[in-house]
Amino acid sequence: QIDYCIIDALDEVDNSKFRHTLKSINEFRQNNKSIKVMFSCRKHYVTTYVSYFASCQELCYLEIEKLDEELVLKVIEKCSSSIQECVQKNRKILKLLSIPRYLKFFLDYNKQKSDCSNIGDLFDFVIQCSINNAIENHPGIKNKSKSLEIVIQRVLEKIAFVMEIGRKDHIAKDELYTILDGLKGNMSQMLLANFDLLYFESRILKETQDNLQFENTELQEYLAAKELCRQDNIESVIYDVAVQKELKHIYVNWFDVIPHISYIAENSETLINIVKLIVSYESNLENEIFDSFFRYIDSSLLFTQQQEELFVTIFNNYLYKPVYIYWNSEILNLLKDCYSSNCDALLKPPYEELNKIQLANISCILGRIVEERSISKDIREYWIGAANKLIESNDEDKQLAALEFYRALKDNDDLVRISSQYHEFSNSVKEKYCDI
């Protein structure tokens, strides 16, 4: 028989007692060789107190990895359909749920509410549960009221916003004190009067080697977006804090913050204006960061007219800038969701005047719309007619574009018809034809 001594949650120990506690555990190990000692601790504590852990000889370290996406999705299958739909729209929340304690909060949400109007409700619930757990686990806090939770979250929002402005994922302790000192009103006084600041640093935030950060990047981004939406003129604030004016460039960290506005801001028109701002200022649109920006925008929260306006803005951007849309781009999904027959006039530019990039982008957009939605007969006939003209030319680029339109519009009849011309095609066109 083997005896075990299992010590859970070493990270719950007060900072001032951490070294002594670890030393006591090590002494117990040395004096009781026949007993297997196991203790758990959050990973970043090992980094912070690396010298303490190094003094404990013959330790075997095991890291519990985050849950993989497939397992998380299996768990989510047991939730209500509205919750599943919210999670599937936003991969950020899916990434958050790979952490077991956040997944537990998520399941608690499903038990309590079983319905989800938008993804912001899930983020808020996870944040509130994290704050509440920290409050409940501190025996010295007498005022454990709802108002204290609200104050802590509001302060976290302001800290996250300042960190995003500084494009930081961690700050020094003196920077935290500077942020708290600069808060308007009596928010910081209310926090300090009712909450232990050292506990705030180590349990609400995450302390690693004298630096402070949020436990999860997605939570920092969401909290920063919450504070952004509290500003009087959001578009103006974004211009001030997120745009590098001389280079006409959007600082990349804001591409992860701004999409949250789609389900936080009370005025959905704000999101449309911000997209217009980004499109007008960001020239390097082929990068994956810009693509991921559109991935997290929830178009279902927009009115039909706003969806159409968003379609026009994005479509025109890719029509007039020499940038390809990737075939598997999230931008195509957003365009598909925002498309309506009112956008048809935009989808019929004179094809004779378009270059190969413009033709490729339009065929990609049409292809994604046709995959899941119907497209008007007029648009279909226009582009099949254009493809028939392009395939008859001797220009290789135009012939390749024609084949992409046949594929996008699922025009098998014309693909069969032009097989008689196969021997006249260049090798590149022959290869594309066989691929299709």
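**A walk through the model**

Mentor: Let's start with helix H7, residues 100-112: its 13 residues reach 18 Å from the first C-alpha to the last, close to the 18 Å expected at 1.5 Å a residue. Keep in mind that this is a predicted model.

Trainee: Okay. Which residues of H7 are buried?

Mentor: The buried ones in H7 are Tyr102, Leu103, Phe105, Phe106, Asp108, Tyr109 and Asn110.

Trainee: And what do the buried residues of H7 pack against?

Mentor: Other helices: H4 (69-76), H5 (81-89), H6 (91-96), H8 (119-136) and H13 (217-228).

Trainee: What about Tyr102, what sits over its ring?

Mentor: That's the charged end of Arg101, 5.0 Å from the centre of the Tyr102 ring.

Trainee: And what comes after H7?

Mentor: Ser114 follows H7, and its phi is positive, near 55°. That's worth a look, because most residues other than glycine have a negative phi.

Trainee: Which ring does Arg167 lie over?

Mentor: Arg167 lies over the face of Tyr251, at 3.9 Å from the ring centre.

Trainee: Switching to aromatics: how many aromatic pairs turn up in the whole structure?

Mentor: A search finds 15. One of them is Phe311 with Tyr339, a tilted pair with 6.0 Å centre to centre and 55° between the planes. That pair links distant parts of the chain, 28 residues apart: Phe311 is in helix H19 (residues 304-320), while Tyr339 is in the loop between helix H20 (330-338) and helix H21 (356-372).

Trainee: Are Phe311 and Tyr339 buried or exposed?

Mentor: Phe311 is buried, and Tyr339 is buried as well.

Trainee: Now Trp383 and Phe405. Why is that pair called stacked?

Mentor: Because the ring centres are 4.6 Å apart and the planes are at 5°, the Trp383 and Phe405 pair is stacked. The cut-off for stacked is planes under 30 degrees apart.

Trainee: What does that pair tie together?

Mentor: Trp383 lies in helix H22 (residues 377-392) and Phe405 in helix H23, so the pair ties together parts 22 residues apart in sequence. Trp383 has a relative accessible area of 0%, so it is buried. Phe405 counts as buried too, because its relative accessibility is 0%.

Trainee: Which residues make up the aromatic cluster with Trp383?

Mentor: Tyr351, Tyr382, Trp383 and Phe405 form one cluster.

Trainee: Last topic, strands. In what order do the three strands of the open sheet come?

Mentor: The order is S3-S5-S4, with antiparallel pairing. S3 and strand S4 (206-208) are the edge strands, each pairing on one side only.

Trainee: How many bridges join S4 to S5?

Mentor: Three bridges join S4 to strand S5 (residues 211-213), and the two run antiparallel. As for Lys206, its bridge partner in S5 is Gln213.

Conventions. Residues numbered from 1 in each chain as written. Predicted model: local features only at pLDDT ≥ 70, side-chain atom pairs only at ≥ 80, totals over all residues. Heavy atoms only, no water. Phe/Tyr/Trp six-rings, centres within 6.5 Å; stacked < 30°, edge-to-face > 60°. Helix = DSSP H or I, 4+ residues; strand = E, 2+ residues; numbered from the N terminus. Buried < 20%, exposed > 50% of the residue type's maximum accessible area, 1.4 Å probe, protein only. Lys NZ or Arg CZ within 6 Å of the ring centre and 35° of its normal. Expected span 1.5 Å × (residues − 1). Contact = heavy atoms within 4.5 Å. Pairing = 2+ DSSP bridges.
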